[in-house]
Amino acid sequence: MRKKCLLAVYEITHGFETLLFEKVSFELCEGETMAVVGRSGTGKSTLLHICAGFIVPQEGEVELLGDTISGRSTHEIEMLRRYDLGIVFQFHYLFKGMSALENIEVATLLANETLDKELLEKLEIADVIDHKIGDLSGGQQQRVSIARVLSKKPRIIFADEPTGNLDDETAHLVMDVLEGYVKEENAAMFLVTHDTSLARRCDKRYRIDNKKLTQE
């Protein structure tokens, strides 16, 4: 049986002062992970932001969970990101005055989900969950950020350099958790990374070069 397509991109073209990429097309289905690599400035993060509904492309169309997003209102896209999309950035954007647990609970409350304590164990943050964010290391803060995203139970994870500030061992721990979530929940992950060892772990690998997206 054919897998359900969660993200479909058709002939996307976009740029700012200069053209970044043109005629980009791909599909991402249930249970799949994909990585996009390329030099800085080639548009990897811009492509991710287009797919997640933050940027409207100059040309082309994006479908999320079977529906195009071009005709949706700002409120509809915000609700889509609240309940169905998980966004992981290199910088965590946590609430500094709150504990790690309180940061995660904000996301679960907004998404009407419950805290998955097993997830905290997998990310090795269960023993610091009651600590204030400012008392945690950078790596711990990033893992709290990832726990916050996964606690929403998103259908698609958009991860923009999620391990950029982590050591190699912790980076692969995070990838283990993200990949495990995708398989267990039949979700999908769109990963932007400079780390080729992480990219090779994904089911699909793409490179942006010379304004084109090619599959490796």
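Helices here are DSSP runs of H or I with at least four residues, strands are runs of E with at least two, and both are numbered from the N terminus. You're looking at a predicted model, in which local features need pLDDT of at least 70, side-chain atom pairs count only at pLDDT 80 or more, and totals for chains, interfaces and linings use all residues. Residues are numbered from 1 along each chain as its sequence is written, and side-chain values use heavy atoms, with hydrogens and water left out.

**Exercise 1. Helix α3 and what comes after**

Task: Find the buried residues of α3 and say how they are arranged around the helix.

Step 1. You need the cut-offs: buried means under 20% relative accessible area, exposed means over 50%, and partly exposed is in between (1.4 Å probe, protein chains only).

Step 2. Go through α3 with that in hand, and you get Ala 100, Leu 101, Asn 103, Ile 104, Ala 107 and Thr 108 as its buried residues. Looking down the axis of α3, these fall within an arc of 165 degrees, so they line one face of the helix. The arc is taken from the directions from the helix axis to the C-beta atoms.

Step 3. What lies over them? The cover includes α4 (117–122) and α5. Contact, here and below, means heavy atoms within 4.5 Å.

Step 4. Now step just past the end of α3: Asn 112 takes a positive phi of about 60 degrees.

**Exercise 2. Two helix pairs**

Task: Describe how α5 packs against α3 and against α6.

Step 1. Two packed helices are described by the angle between their axes and the distance between the axes. Axes are lines fitted to C-alpha atoms, for helices over the stretch in contact, and angles run from 0 to 180 degrees between N-to-C directions.

Step 2. Take α3 (residues 100–110) and α5 (residues 138–150): their axes come within 8 Å and cross at roughly 25 degrees. That makes α3 roughly parallel to α5. The scale goes like this: under 35 degrees is roughly parallel, over 145 roughly antiparallel, 65 to 115 roughly perpendicular, and the rest oblique.

Step 3. Who meets whom? Ala 100, Asn 103, Ile 104 and Ala 107 of α3 meet Val 144, Ala 147 and Arg 148 of α5. Sorted by class, this contact has 5 nonpolar, 1 polar and 1 charged residues. (Ala, Val, Leu, Ile, Met, Phe, Trp, Tyr, Cys and Pro count as nonpolar; Asp, Glu, Lys and Arg as charged; the others, Gly among them, as polar.)

Step 4. On to α5 and α6 (residues 168–185), which pack at an angle of about 5 degrees with their axes 12 Å apart. So α5 is roughly parallel to α6. From α5, the contact uses Arg 143, Ile 146 and Leu 150, while α6 brings Thr 170, Leu 173, Val 174, Val 177, Leu 178 and Tyr 181. The class count for this pair is 7 nonpolar, 1 polar and 1 charged residues.

Step 5. While you're in α5, look at Ser 145. Ser 145 counts as buried, at 3% relative accessibility. Leaving out residues up to four places away in sequence, Ser 145 touches His 92 and Leu 94.

**Exercise 3. Helices α1 and α2**

Task: How many of the residues of α1 are buried, and which residues of α2 are?

Step 1. In α1 (residues 44–51), 6 of the 8 residues are buried, so this helix is largely enclosed by the rest of the structure. The six are Lys 44, Thr 46, Leu 47, Leu 48, Ile 50 and Cys 51. After α1 comes Gly 53, with a positive phi near 85 degrees.

Step 2. In α2 (residues 74–83), the buried residues are Ile 77, Leu 80 and Arg 81. They fall within an arc of 95 degrees seen down the axis of α2, so they line one face of the helix. Their cover includes β4 (59–64) and β6 (85–88).

**Exercise 4. Positive phi and a strand**

Task: Where do Lys 23 and Asn 210 lie?

Step 1. Lys 23 lies in strand β2 (residues 19–29). Its phi is positive, about 55 degrees, although Lys 23 is not a glycine. Lys 23 counts as partly exposed, at 46% relative accessibility.

Step 2. Asn 210 sits in the loop between β9 (204–209) and β10 (212–215). Asn 210 isn't a glycine either, yet has a positive phi of about 55 degrees. With a relative accessible area of 65%, Asn 210 is exposed.
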